Amino acid sequence: MNTTAIDTGARRAPGEIGIWGFVLCDLIVFSLYFMTFLYERAQRPEMFLEGSHQLNLNMGLINTLVLLASSLFVALAVQSIRSGQAVLGRKYILGAGLGGAAFIVNKMIEWGIKISAGYDAQYDLFFQLYYMMTGLHFLHVLVGMVVLTYLWKMTAAIRTNVTPRQVRFLENGAIYWHLVDLIWLVLFALFYLIK
Amino acid sequence: MSTVALSKGEDHTKSLIQVWTALVVLTLLSWWFRDHGLGPDAAVAAILFISFVKVYLVGHSFMELKFAPSWLRHSFTAWCSLSCLLLITLAFVL
């Protein structure tokens with residue numbers, strides 16, 4: 001059997017080129033949404049200030065901290081599995097998945113509270129953008145949960161050796177999950193923090 | 001079948017935890033800036049700037065761009081810088 005040591009110190013693109021193409025395109029698309037939000041905010045400052053005050057800052061903060069922890073777990077999982085600690089790596093993937101699940105539950109509760117209070121997507125432009133942009137991000141989280149589930153199953157078979165294909169898939173999945181975290185960091189600043 | 005023998009390699013755990021700690025501190029700092037310490041305009045600029053510092057840290061460390069070829073690192077850094085600049089400009093100019 002042909003074996004090759006992983007050179008983690010080598011200067012190479014983690015994951016595959018395709019995932020980076022997707023990441024860069026997704027970032028550009030979200031940048032346009034971010035700019036649209038700030039443009040509309042400048043046209044209707046009172047509406048956006050009122051909208052921001054209606055959001056639950058603590059729930060937004062908790063979701064941010066949860067996603068940051070989840071991202072850390074994924075990064076630690078990649079490192080553990082590449083360095084031969086597949087069992088530990090799987091525990092980190094589980095931790096990341098629990099973080100993703102907590103985000104989903106928190107977000108659904110937050111949406112439910114707002115909608116039942118009358119702040120649905122029809123309420124005003126602020127809430128229209130809020131549901132559209134956080135909803136699009138939510139879809140990314142759901143896809144990320146499917147990816148984490150696949151990684152969890154894939155890594156169950158790893159004992160001492162991991163194939164280059166498995167490493168690439170692991171890295172691709174991790175990059176995607178970090179993208180989900182990264183987009184949320186800006187959404188949190190735009191919707192919850194700036195006044 | 002070609003497999004990769006898992007070498008112990010360099011341990012980046014400490015560095016990853018340090019970056020995560022910085023991300024949490026920056027998050028709490030921007031949360032604090034929302035209502036304290038700065039005027040409304042300065043707070044908006046500080047919050048947006050801090051959010052893109054966090055984005056850069058996630059890319060550089062968690063996404064392992066620090067190990068990536070320069071074209072990829074520079075593309076990501078350019079996106080972070082340009083987006084941050086455009087958003088802060090939009091927040092003030094319009």
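**View 1. The largest nonpolar core.** In this predicted model, the largest nonpolar core holds 76 residues. A:Ala77 and A:Ala189 touch the most other members. Chain A gives two or more residues to this core from each of α1 (17-43), α3 (57-82), α4 (86-116), α5 (125-156) and α6 (164-193). Chain B does likewise from α1 (13-33), α2 (40-62) and α3 (70-93). The most comes from α6(A), which gives 19 residues.

**View 2. The surroundings of A:Ala189.** Leaving aside residues up to four places away in sequence, A:Ala189 touches A:Ile194 in chain A.

**View 3. Helix α1(A) against helix α5(A).** The two helices pack at an angle of about 170 degrees. Their axes are 11 Å apart. Angles over 145 degrees count as roughly antiparallel, so α1(A) is roughly antiparallel to α5(A). On the α1(A) side stand A:Tyr33, A:Phe37 and A:Glu40. They meet A:Leu125, A:Leu129 and A:Met133 of α5(A). By class, this contact has 5 nonpolar residues, 1 charged residue and no polar ones.

**View 4. Helix α4(A) against helix α5(A).** Here the packing angle is about 160 degrees, and the axes lie 10 Å apart. The pair is therefore roughly antiparallel. The crossing of α4(A) and α5(A) is left-handed. From α4(A), the contact takes A:Ala86, A:Gly89, A:Arg90, A:Ile93, A:Leu94, A:Ala96, A:Gly97, A:Gly100, A:Phe103, A:Ile104 and A:Lys107. From α5(A) come A:Phe138, A:Val141, A:Gly144, A:Met145, A:Leu148, A:Leu151, A:Trp152, A:Thr155 and A:Ala156. Sorted by class, the residues are 13 nonpolar, 5 polar and 2 charged.

**View 5. Helix α3(A) against helix α4(A).** These helices pack at about 160 degrees, with axes 8 Å apart. That angle makes α3(A) roughly antiparallel to α4(A). Their crossing is left-handed. The contact of α3(A) with α4(A) divides into 17 nonpolar, 8 polar and 2 charged residues.

View 6. A:Glu110 lies in helix α4 of chain A. Within 10 Å there are 17 other C-beta atoms. A residue needs 20 or more to be buried, and 12 or fewer to be exposed, so A:Glu110 is partly exposed. Not counting residues up to four places away in sequence, A:Glu110 touches A:Asn56 and A:Met59. A:Met59 is 51 residues away from A:Glu110 in sequence. In space, their C-alpha atoms are 7.3 Å apart.

**View 7. Chain B on its own.** Chain B has 3 helices and 1 strand. Along the sequence, these elements follow the pattern β-α-α-α. The chain has 94 residues, of which 33% are buried. Consider contacts in chain B between residues at least 6 apart in sequence: 61% of these join residues at least 24 apart. Helices α1, α2 and α3 of chain B each give two or more residues to the core of View 1.

Note on methods. Residues are numbered from 1 along each chain as its sequence is written. Chains are lettered from A and ligands numbered from 1 in the order in which they are written. This is a predicted model: local features need pLDDT of at least 70, side-chain atom pairs count only at pLDDT 80 or more; totals for chains, interfaces and linings use all residues. A nonpolar core is a set of buried Ala, Val, Leu, Ile, Met, Phe, Trp, Tyr and Cys residues joined through C-beta atoms within 7 Å. Helices (H or I, at least four residues) and strands (E, at least two) are DSSP runs, numbered from the N terminus. Two residues are in contact if their C-beta atoms, placed from the backbone, lie within 7 Å. Axes are lines fitted to C-alpha atoms, for helices over the stretch in contact, and angles run from 0 to 180 degrees between N-to-C directions. Angles under 35 degrees count as roughly parallel, over 145 as roughly antiparallel, 65 to 115 as roughly perpendicular and the rest as oblique. Ala, Val, Leu, Ile, Met, Phe, Trp, Tyr, Cys and Pro count as nonpolar, Asp, Glu, Lys and Arg as charged, and the others, Gly among them, as polar. A crossing is left-handed if the near helix is turned anticlockwise from the far one by less than a right angle, and right-handed if clockwise.
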